[in-house]
Amino acid sequence: MSEYQIFCDFDGTITQEDTLNKFLRLYADKKWLELEQDWLNGKIGSKQCTFGQMQLVPVLDNKELDDFVKGIDIEPSFFEFIEYVKSENIDFYIVSDGFDFFIKTILEQNGIYDLKVFSNHLSVENGRYVCEFPYTNPECVAASGMCKCSIVKKYKNSKKSVIYVGDGVSDFCVSNNIKTVFAKGRLLEYCKKNKDADNGLMKFDSFIDVLNYLKK
C-alpha cells in the first residue's frame, strides 16, 4: 500500500485551460463576466456565481457540446503521472468546483477511466442547464459549490502523506489544510503569502514535478 494520498484540482491543473471559463467565454451572455468579478472580489461564493453564469448560456446541441469538449486538452504529463499513480495504488481524488459532465467526458475521450471525482453536477431539463451541488457545505467560508475542504476532511488518511495539486482561487482554503502543496498560478501566489516555502510548498509546472516527488 502506498504511503501517499493525492487530492487534485481539475480545471487549469489537469487540463491546460479552465473548461468552464472557456465554455462561458464562447457561449454565455457577457453578463457572466460581472458575476465572475463579484466572485473574484469575494462578494459572492462560487456556488452563486456558477449557478448564475450557467443561466446565461443557451443549451447547445450534442454536436456543439462534443466539439467543445474535444477542444479541451489535458496536460501531457498527466498521462504518465496517472499511469504511475494507478500502478502504485496511490489514492487519487479529483476535487473540482466545475461540472462532472465536462470532467468525465474529457477524461474518457483521453482514455482515462475509473478516477474518483468530486464535483458539481450538470444536466439539461426542459431546455435549460440544471446545476446541482451535491458537495456543498453551508459552513463553507468561501460559499463554494463544491467544498474541497469537506472532501479532504472526510477522506484524508492520517497515516499517509497527503499531497494537494492545484492552480486557482477554489484551491485557496483547502491548501491551508494540507502540508504538501504543489501550486501554480493564483494558488502559488496565495501560498507564497500564506505558506512556508520550506514547509511543504512546491512550485508546480507539470505533473512531472509531482511524479519525481513520489519517486524520490
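**View 1. Strands β2 and β3 run parallel and are joined by four bridges.** Helices (H or I, at least four residues) and strands (E, at least two) are DSSP runs, numbered from the N terminus. Two strands pair if DSSP finds at least two bridges between them. The model is predicted: local features need pLDDT of at least 70, side-chain atom pairs count only at pLDDT 80 or more, and totals for chains, interfaces and linings use all residues. Residues are numbered from 1 along each chain as its sequence is written, and side-chain values use heavy atoms, with hydrogens and water left out.

**View 2. Strand β1 pairs with strand β2 in the parallel sense.** β1 covers residues 4-8 and β2 covers residues 91-99, and four bridges link them. I6 stands opposite F92 in β2, and F7 stands opposite Y93 in β2. Helix α5 (residues 77-87) packs on the sheet and touches both β1 and β2; contact here means heavy atoms within 4.5 Å. The direction of α5 makes about 135 degrees with that of β2. Axes are lines fitted to C-alpha atoms, for helices over the stretch in contact, and angles run from 0 to 180 degrees between N-to-C directions. Eight of the nine residues of β2 are buried, so β2 is largely enclosed by the rest of the structure. Buried means under 20% relative accessible area, exposed over 50%, and partly exposed in between (1.4 Å probe, protein chains only).

**View 3. The open sheet has seven strands with mixed pairing.** The strand order is β4-β3-β2-β1-β5-β6-β7. The edge strands, each pairing on one side only, are β4 (128-132) and β7 (201-203). On average, neighbouring strands of this sheet are turned by 25 degrees against each other, direction ignored.

**View 4. Helix α6 lies across β2 and β3.** α6 takes in residues 100-109 and runs at about 115 degrees to β3 (116-125). Together, β2, α6 and β3 make a right-handed β-α-β unit. A crossover is right-handed if, with the strands pointing away from the viewer, the path from the first strand over the helix to the second runs clockwise. Buried residues in α6 are D100, F102, I103, I106 and L107. Their cover includes α1 (19-27), α4 (62-70), α5, β2 and β3. After α6 comes G111, whose phi is positive, near 75 degrees.

**View 5. Two residues that are not glycine, N89 and A143, have a positive phi.** Most residues other than glycine have a negative phi. N89 is found in the loop between α5 and β2, with a phi of about 55 degrees. N89 is exposed, with a relative accessible area of 57%. A143 lies in the loop between β4 and α7 (148-155), with a phi of about 50 degrees. A143 counts as partly exposed, at 39% relative accessibility.

View 6. Of the 216 residues, 49% count as buried.
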